[in-house]
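Please keep the structure in view while reading.

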Amino acid sequence: MYKAIQVNKDTFWTGVNDYESDMFESLWPLPQGVAYNSYVITGTTATAAIDTVKGPYLDEYYNKLLQALNGRTLNYLVVNHMEPDHAGLISQLKSKWPSLKFIGNAKTIPLLKGYHGITEDIITVKDGDTLDLGGHVLKFATVPMLHWPESMVTFDSSTGVLFSNDSFGGFGAHEGGLFDDEKLNSRWEDEMLRYYACIVAKYSNVVQAALRKLGTLDIKNIFPSHGTLFRKDIKQVISLYDKWSRFEGDNGAVVVYGSMYGNTKRMAEAVCSGLSSADVKEIRLYDSSRTDPSYILRDIWKFKAFALLSCTYNTQLYPPIEAICSKLLNRMPKNKFLGIAGSYSWSKGALTALQAFAEKIKLEKINPEVEVFTSPTTEDLSKCFELGKNLGEALHE
Ligand code: FEO
């Protein structure tokens, strides 16, 4: 969006669209880009910015700040989170407004010093502290590990806006309206879930604690620091976060395979046929070599069941499947059914590794485990079909 946009009373969006980064955190692809949302509140006695944006966007961000401030000085910068996608321009703001004061919590302080060399003009806040801008009283709540230890959210008790930073954020740049009632859910919900699965999912237990903490606030709008701004149906958005952080999946299954010459692929297809025979209509079949893990993680979070099938590579898991396993162990999903199968030629290894994975991830494993030598026989494919059928039946129980 090319200009500052008023998004509530005395409240302006001053963010930017990033279509230039191919990957978020140099890890996660951004086919729809990503937005860094920041905001300015102009009270009667003082002004405050909520977060900044990523470093390369100084000129665009600064111009929007000036538009929002309309000739006034910037008095405060609320630092909800120190990751450089939001804190990238802190030093530059201090250069432009030398009297600027920073608002952060105790865990913000060392990061402010480390990233920006800032040790002065810091107001340290704790849970429940407030800042009165004149007509807008900001209340601060720490949400440690959502996404870093110093993460916090800011609530404007006058407008009911929750500036939630990474929480409720999503991939995807703004393509017109900023708000949920200005676009189709299908354009933001999948990218919000992909963001959740990649960035937030590891801290799902913290999300539950944060939802309980925020439950006492009369939230009318949620303005995250990435993606869509919410004002249409706040309860629906909160219930999505509640669902994802409780690992509650839809009735469907993800089948992921790693295959060099098509044999493990055929096993995966047999698992899918088994799922279909059990009347599962939502089935996602992914080649781990060709689908980015972020989409696979997203759908594993979306559905109740998944199966991993790997050929053996140098006596171990096929590397793209190994990468998926590692990412899942980092996030430890719960309440999902798991199926596993492996194949080998000159040395076993894949199924043994998947068994070790299943042991560690502590999900309910559905039998049979299938191990195939070279090409799957008719009997092998029947076992794969049976695995899919059993996974499908588990979904309906
Ligand atoms: Fe969007 Fe954790 O930074």
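The sections below go from the domains to the pockets, the cavity and the cysteines.

## Model and domains

This is a predicted model. Its protein chain splits into two parts: domain 1 covers 5–245 and domain 2 covers 252–396. Their C-alpha centres are 38 Å apart. Across the boundary, 14 residues of domain 1 touch ten residues of domain 2.

## Largest pocket

The largest pocket holds about 260 Å³ of space. Its lining counts 17 residues, and Met260, Cys311, Thr312, Tyr344 and Ser345 are the closest to the centre.

Which elements supply at least two residues each of this lining? They are helix 8 (263–277), strand 19 (303–313) and strand 21 (337–344). Strand 19 gives the largest share, with three residues. By class, the lining of the largest pocket has eleven polar residues, six nonpolar and no charged.

## Second largest pocket

The second largest pocket has a volume of about 180 Å³. It is lined by 19 residues. Nearest its centre lie Ala173, Lys183, Arg187, Trp188 and Thr228.

## Enclosed cavity

How many cavities reach 30 Å³ or more? The count is one. The volume of the largest cavity is about 50 Å³.

Val143, Leu146, Val153, Ser167, Phe168, Val207, Ala210, Leu211, Leu214 and Tyr241 line the largest cavity. Helix 6 (residues 204–214) contributes the most to this lining, with four residues. Nine of the lining residues are nonpolar, one is polar and none is charged.

## Cysteines

A disulfide is a covalent bond between the sulfur atoms of two cysteines. The cut-off applied here is a pair of cysteine sulfur atoms within 2.5 Å. By that rule, the model has zero disulfides. Cys198 is in no disulfide; the nearest cysteine sulfur belongs to Cys325, 16 Å away. Cys311 is in none either, and its nearest cysteine sulfur, also that of Cys325, is 12 Å away.

Are these two cysteines, Cys198 and Cys311, buried or exposed? Buried means under 20% relative accessible area. Cys198 has 5% relative accessibility, so Cys198 counts as buried. Cys311 is buried because its relative accessible area is 6%. Cys311 is also among the residues closest to the centre of the largest pocket.

Conventions:
Residues are numbered from 1 along each chain as its sequence is written. This is a predicted model: local features need pLDDT of at least 70, side-chain atom pairs count only at pLDDT 80 or more; totals for chains, interfaces and linings use all residues. Side-chain values use heavy atoms; hydrogens and water are left out. Buried means under 20% relative accessible area, exposed over 50%, partly exposed in between (1.4 Å probe, protein chains only). On a 1 Å grid over the protein atoms alone, a cavity is a set of points where a 1.4 Å probe fits but cannot get out, and a pocket is an open set with protein on both sides within 12 Å along at least five of seven lines; lining residues have an atom within 4 Å of a point. Grid points are joined across faces, edges and corners, and a volume is the space filled by probe spheres set on the points. Ala, Val, Leu, Ile, Met, Phe, Trp, Tyr, Cys and Pro count as nonpolar, Asp, Glu, Lys and Arg as charged, and the others, Gly among them, as polar. Domain bounds come from an automatic or database domain assignment. Contact means heavy atoms within 4.5 Å.
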